[in-house]
Amino acid sequence: MKRLLVFAVRQSGTMTLLAVAIWSLLAQFALAQSITYIYPSGGKQGTRVEALVAGMSGLYQGSEVLVDGKGVTAKILYRSSSGDFLFNTPFGNKSREIINDILKDETKLMGSGAKGRISDEARQFLTAKRRKKYDDRPVKENEIEMPKDEEVFRAFPYVNRLAAPNFGDLQLIYYEYFAFNFDKRANNQSREVLTVEFHIAPDAKPGVREVRVLTPRGLSRAGRFWISTSHEVVEVEPNDGIVWDGWKQMTPGLLHLPVQSVPVVFNGQIRPGDIDRFYFRARKHQRLTLDVQARSLEPFIANAVPGWFA
């Protein structure tokens, strides 16, 4: 592209404008097709991993996720066209009310601190009651109708878990969308999110794989997904001193993964104001090697470029 621009400058002003336009178009195209992060960024042989693949405009229109090499396939489960930026739109605001109401209903049924899942009959009763409340509400002029639950489940990362949540799911969704003591808002570089299920064969070759999304505009840039032979766990949130013990109740505490045996792979995210804690067993005088994969997963992380990592 640099040689094209230099050639155009020497020939004529028209060619210069054409070359600059092509340069700008190619730069915009490449930027729009970027994968900014995949989380969790890997999995063990013989497992299925549900991961978030985030990027910029056009990524949510992807029809297929391609993984290089053999033994790993991927399927798109849900699409989010604007991440939690949607909360600034009419659809987003109404979705927020729906998520809010479902969290309240589920909390009432589970009870504070409950661990198990509630019955389908109880959930169906509360769902019907909640939807009737929406249907009976008059729709104002220029106001959109309340979206269906399924539409909201597809529009936001993690919210699909509200279809049949456990208490940990409620904590996570509250933390992600309502705990504003942390700045977890989406940014332009990662505002579009695909929820993707990776199927890793037992004989899949360990190591890094390149992941690309096929969209109407072509293939995205590659993201990185690691295949390991060790047990893998994903961080649980909140795990940095605050837990949710009921609707709008934040109390000091600590929610963390069970203590793990080594070797183990911990999957976490670097986020503003977030501290993560992981626990593993070790013996006195035992020597352990800790290998952190950061820049190898997200090249921009070393420069701390805002918004380019999750």
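Predicted model: local features only at pLDDT ≥ 70, side-chain atom pairs only at ≥ 80, totals over all residues.

Reader: OK, and what percentage of the residues count as buried?
Author: That would be 41% of the 310 residues.

Reader: Which residues form the nonpolar patch on the surface?
Author: The patch is made of Val262, Phe280, Leu288 and Leu290. Together they have about 350 Å² of accessible area.

Reader: Where does Val262 lie?
Author: Val262 is in the loop that runs between β12 (250-252) and β13 (264-267). Its relative accessible area is 36%, so Val262 counts as partly exposed.

Reader: Switching topic: how many helices and strands are there?
Author: The protein has six helices and 13 strands.

Reader: In what order do the four strands of the open sheet come?
Author: The order is β1-β3-β6-β5, with antiparallel pairing. At the edges stand β1 (35-39) and β5 (72-80); each has a single partner strand, so one side of each has no neighbour in the sheet. On average, neighbouring strands here are turned by 25° against each other, ignoring direction.

Reader: How many bridges join β3 to β6?
Author: Eight bridges link β3 (residues 48-55) with β6 (residues 192-200), and the two run antiparallel. One of the residues involved is Ala54, whose bridge partner in β6 is Val193.

Methods. Residues numbered from 1 in each chain as written. Heavy atoms only, no water. Patch = residues over 30% accessible without salt bridge, like charges linked within 9 Å, V, L, I, M, F, W, Y side chains within 5 Å. Areas by Shrake-Rupley, 256 points an atom, 1.4 Å probe, with all protein chains shown as cover. Salt bridge = Lys/Arg side-chain N within 4 Å of Asp/Glu carboxyl O. Buried < 20%, exposed > 50% of the residue type's maximum accessible area, 1.4 Å probe, protein only. Pairing = 2+ DSSP bridges. Axes fitted to C-alpha atoms, helices over the stretch in contact; angles between N-to-C directions.
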